[in-house]
Amino acid sequence: NTHVHTAGGGGDYLLLDMAKNDYRTANYMAFAAPLKGKMQPPPAEPTAAIRAFTFLHALRNGTTTVIDVGGLRGDWEGYARLVDELGVRVYGGPPFRDRDTYTDAQGRLYYDEDAAAGRSRLQEAVDFGRKFDGAAGGRLRVLFNAAQVETCSEPLLRAGKEAARAQNAPIHTHAGGNLVEFQRIMDEYRKTPIRFLADIGFLDERTLLGHAVFTTAHDWARYPFGDDLALLAERGATVGHCPYKYAKMAMTLHSFQRYLDAGVTLALGTDTYPLDMVSELRWASILAKVTDANYQAGLARDVFNAATIGGCRFLGREDLGRLAPGAKADILLINLDHVGGSLYADPIKALVDSASGRDVDTAIVDGQVLVQGGRATRVDEDAVYAKAREVTQHYWSRVPGWRWDGATVDQIVPPAFPIHRAR
C-alpha cells in the first residue's frame with residue numbers, strides 16, 4: 001500500500017463536504033490549512049492510538065507493506081516500538097516542508113514560508129533514518145517524505161533527495177495531486193510539477209510520487225506542451241495511484257492504461273479510509289475502463305501487478321510483492337469461496353471483480369501470522385478501535401477552534417438523513 005497516512009482519518013471523514021469550492025480539487029488543504037496558530041499537534045498517547053488503528057486497519061484489509069507518506073511528527077521511539085509490537089512492515093519517516101498552509105479569517109488559502117523550519121524538519125528525517133532504519137527486526141525502513149511538491153522550496157527538495165541518496169533510501173512527495181498545486185508550480189517555475197521535479201534531479205527509480213493525476217495527460221490541466229508520462233517513464237519514478245480516493249472527489253488518473261502503455265511504473269495505494277487494498281484493484285480497473293471508454297483497459301493482470309510488484313521497484317526490493325524462492329514470507333490468504341462471493345474460474349479475475357478487504361482471512365508478514373480467521377493475533381481489536389474512535393471524536397470536537405468560519409463537524413458535514421437518537 002503506497003499511500004497510508006498513519007496520522008489517521010479525522011480529516012478524511014471531512015474530505016468531501018469540507019472542501020471549499022474555490023480550492024480547485026485541493027483535497028488535503030480542506031483539513032490541513034487551519035488558522036495559523038490555532039491547531040496544535042496531539043500528544044503522544046492519542047497519536048499512538050490512531051497509528052495503532054491505522055496499521056491494524058491496513059493489515060486487516062490486505063496490506064503487508066505500509067508506505068507511510070507522512071504521519072504526525074513526534075514520538076518516533078513509540079512509532080518504532082509500535083511497528084515492532086504489531087509485526088507490520090513499514091517504510092516511513094518524518095515529513096518535511098518549508099511552506100506551511102493556512103487560511104485567513106475569510107477562508108483564503110496562503111503559504112507561509114520558513115526555510116529554517118524546513119531545514120530542521122529535514123534534519124529530523126535524517127536523524128530518524130540513522131537511528132531507526134532496520135529496526136523492528138528489519139521491518140521498519142526509512143522513507144524520506146517531502147510533504148508536497150508545492151510546500152517544499154527547490155533547495156529543500158534538492159537537499160531532501162541528497163539526504164535520501166546518502167542513506168540509500170527511497171523518497172516520496174505528493175505531486176500532480178490537485179489544480180492549486182499544478183498552478184502554483186506553473187506560476188513559480190513555468191513548468192509542470194513533473195517537469196520541475198525531473199529538472200532538479202528529484203525523479204529516479206527510488207522516487208515515489210503520490211497521485212500524479214494532474215499532468216500533461218489530463219485534460220483538466222489544459223497544458224498540451226511536453227509529455228510528463230514520457231518523463232516519468234524515462235526517469236523510472238513510480239506513481240502511487242489511489243483510485244477510490246480520487247473517484248470520490250470526481251477525479252481519476254487519465255489514465256491507468258495510458259500511463260502503463262507509456263512505460264510508467266504504477267503502484268496502488270489507498271490514502272483515505274477504508275484502507276482496503278483489495279477493493280482498490282476493482283476501482284483501478286473500472287476507472288480505467290470508464291476513463292478510456294474501453295473495456296479492455298485496466299486488465300486484472302495489470303492492476304494485480306500494480307498492487308504487488310509495482311510498489312517494490314522504488315523500494316529496491318525484489319524480495320517483496322511476490323511468492324518466489326528467497327522472497328520474504330509476506331502472504332495474504334483471501335477467501336473467495338463463500339455465498340457472498342462469486343462463482344469463478346480465474347481467482348485473480350474474481351479477486352478484482354468481487355472481493356474486498358473483508359475477505360482477507362490470514363495475513364502473514366515476515367513469516368509471522370498477524371491476522372488469522374479475519375482477526376488480529378497480537379492485539380485486542382475492539383480495544384484498538386474504541387480508543388481510536390475516542391481520539392477521533394475529540395479531534396472532531398476541536399475543529400471549530402482552528403477552522404476559519406468556526407463551523408462544527410455537524411455543520412460542515414450534515415448527516416445523510418436526520419438522526420434521531422434514543423432518549
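Visitor: Which residue stands opposite Leu209 in strand 9?

Guide: This is a predicted model, in which local features need pLDDT of at least 70, side-chain atom pairs count only at pLDDT 80 or more, and totals for chains, interfaces and linings use all residues. Residues are numbered from 1 along each chain as its sequence is written, and side-chain values use heavy atoms, leaving out hydrogens and water. Strands (E, at least two residues) and helices (H or I, at least four) are DSSP runs numbered from the N terminus. The residue facing Leu209 of strand 9 is Thr173.

Visitor: Over how many bridges do strand 8 and strand 9 pair?

Guide: Strand 8 covers residues 171-175, and strand 9 covers residues 207-211. Two strands pair if DSSP finds at least two bridges between them. Strands 8 and 9 run in the parallel sense, and their bridges number five.

Visitor: What is the bridge partner of Leu209 in strand 10?

Guide: Strand 10 spans residues 238-241 and pairs with strand 9 in the parallel sense over three bridges. In strand 10, the partner of Leu209 is Val239.

Visitor: Which helix does the chain cross through from strand 9 to strand 10?

Guide: The β-α-β crossover from strand 9 to strand 10 is right-handed, that is, clockwise from the first strand over the helix to the second, with the strands pointing away from the viewer. The helix on this path spans residues 228-235 and is helix 8.

Visitor: How many residues of strand 9 are buried?

Guide: Buried means under 20% relative accessible area (1.4 Å probe, protein chains only). Strand 9 is mostly covered, and of its five residues the buried ones number five.

Key. Buried < 20%, exposed > 50% of the residue type's maximum accessible area, 1.4 Å probe, protein only.
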